[in-house]
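Student: I am new to this structure and would like a friendly tour. Could you walk me through it?

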Amino acid sequence: MINLLLTYLSYDFVREALAAGTLAAILGAIVGYFVVVRNVVFAAHALSHIGYTGAAAATLFGLNPLLGMLFFTVGAGATMGVAGDRLQRSDMAIGMVLSVSLGLGTLFLWLHQGFAGNAMAILFGNIFGVSTEQLAEMLVLSLLSMAGLALFSRKLLFASIQPRLAEARGLSLTGLSLAFMVVLAISVTLASQIVGVLLVFTLVIAPAGIALRLCGSFWRGILLSVSLGVTAVWAGILLACVTDFPVTFWITVIFFVTYGSVEGWCRWRG
Amino acid sequence: MRFLLAMAAALTVVAGTTRAGEVRIVAAENFYGGIAQAIGGNDVEVTSILSNPNQDPHEFTTSASTAKAVADADIVIYSGIDYDPWVDKLLGTGGKPDRTVICVASLIGAKPGDNPHIWYDPRTMPTLADKLVTVLTQRNPAKQFFYQVNAGEFKKAMDPVLVNIARLRASFQGTAVTATEPVFGYMADALGLKMLNYDFQVKIMNDTEPGAAETAAFEQSLRSKTAKMLFYNSQVTDPTTERLKGIARDSGIPVIGVTETQPPEYKSYTDWMQAELKAVEKGMKGAD
């Protein structure tokens, strides 16, 4: 089995998968921390699915799928951000935006005359098909998002936990919320390149959710979230090499088992 | 248990080594793999990835062993024009420096947006056979004659298919037919059949909803018997196509199942095509 793993590790596609998976996991874990703290989990879910509409549009107009997805997710994210906290936490409003986006995606595929294999592929991701150019795109986007987040993370945390006090101190809640939703949109789009639109949740919510259950402090929580995310992605990819089962299956199972154990342990301790 | 079996299978894949000088060919679909085996004979080791799109998840996600097979391949054959976009992705992740990639759609000049089932065009496989002779000869010039003989054999086996097509064309040219999916499209063109409701077929192929007008026109073509025959993809079952098959049967229109990939019971592409042409002939005679 070790030999098999070493054989696989000598391949470019495995190394590129590990690199891309690491990028998506780090960004997802950090952004996910704020998603859980700000309680906008459903908005994150909706944004990833809106990415499918972007992929369908890209198929129809013959554009780069990543660009198509970014166009739609960043647009929807910015709208949610400007509309403010009430919309972001309103399941009803997000549900409506989500369904009209998916409806639009259906229309794009309906208008498409060729074979729509690419739009379908984005639902499940393709971690073993990450090219060097795609990796470069991901690196640039994740560095930009993390730099942006670093600039306003303290204010964002403050505004997330004590919005009234933050507003009284002169912070713009709408501005922060807009900036965060744009970063979130970019992150879910990147993560869906790897695990697919349907499973973005695993990378964006799971590590942060588990970390927040265990650590109260911000920095330790972020650190734990990132390590959980990266470990799960690496373990998932290596297990997929050994068993030939899909990577996404392994990543989701690892997170589910970890979450279950942590939850059980916390309850048992009281 | 299944888990252990999968592990064992994965281990044997890696353990299996090729003989020195053997050319590794990966075909995205089994019908291309069959031609490659016929031309290359014992000089090649062919792996076909997709045998049945409905039993096979490769269309959407790529397993580690598929990615490895493509990375190890000397020659990769795939259909192209978005039928198998996962191949494009895998080709972007490196591989052997002297790898030859054959995109069949580019070979025959099909463009994105065209019907992707290009292997149903009777001109496609002979063109691919010639291309394989060229590519294999570059790797092993001493065996050029062997490859040419094999390609000749394949074309000889194609002759009865072409004769059959010409014969059916002479009898049934201009007959209007319809289909739930555009699988048989190119062969229907070759037979001179007039294919109705193409837009509807594209919607079913892409798992999107056909429009109301398209659906109405389709049902009308069956009920009024404008269409003399209904083709369906027998590897796919969904409520819409089941409904249309029911309407066709009620109207007394022959319903012919065709397959997207080569079923295992046919040893070769030509056997497969002959069987489908035979079903068409039977249906046409029944319709008259």
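Tutor: Gladly! Let us call two residues in contact if their C-beta atoms, placed from the backbone, lie within 7 Å. This is a predicted model, in which local features need pLDDT of at least 70, side-chain atom pairs count only at pLDDT 80 or more, and totals for chains, interfaces and linings use all residues. Residues are numbered from 1 along each chain as its sequence is written, and chains are lettered from A in the order in which they are written.

Student: Which helix supplies the largest share of the side of chain A that touches chain B?

Tutor: In this interface, 34 residues of chain A are in contact with 35 residues of chain B. At least two residues each come from α1 (2-9), α2 (12-38), α6 (91-111), α7 (117-124) and α13 (218-243) of chain A; helices here are DSSP runs of H or I with at least four residues, strands are runs of E with at least two, and both are numbered from the N terminus. The largest share, 6 residues, belongs to α7(A).

Student: How many residues are in the largest nonpolar core?

Tutor: A residue is buried if 20 or more other C-beta atoms lie within 10 Å of its own, exposed if 12 or fewer, and partly exposed in between. A nonpolar core is a set of buried Ala, Val, Leu, Ile, Met, Phe, Trp, Tyr and Cys residues joined through C-beta atoms within 7 Å. I35(B), I39(B) and I77(B) have the most contacts inside the largest one, and its residues number 172.

Student: Which helix gives this core its largest share?

Tutor: Chain B takes part, with I35(B) in contact with M125(B), L128(B) and F154(B), among others. The largest share of the core, though, is 16 residues, and they come from α2(A).

Student: Which residue of β8(B) stands opposite F231(B)?

Tutor: Strands β7 (residues 230-233) and β8 (residues 255-258) of chain B pair in the parallel sense over 4 bridges, where pairing takes at least two bridges found by DSSP. β8(B) has V255(B) and G257(B) on its uncovered face, with I256(B) and V258(B) on the covered one. In a regular strand the side chains alternate between the two faces of the sheet. The residue opposite F231(B) is I256(B).

Student: Which helices of chain A do the buried residues of α12(A) pack against?

Tutor: Helix α12 (residues 206-214) of chain A has several buried residues, including P207(A) and I210(A). The buried residues of α12(A) pack against α2, α11 (200-204), α13 and α14 (247-269) of chain A.

Conventions:
Lists of a residue's contacts leave out its neighbours within four places in sequence.
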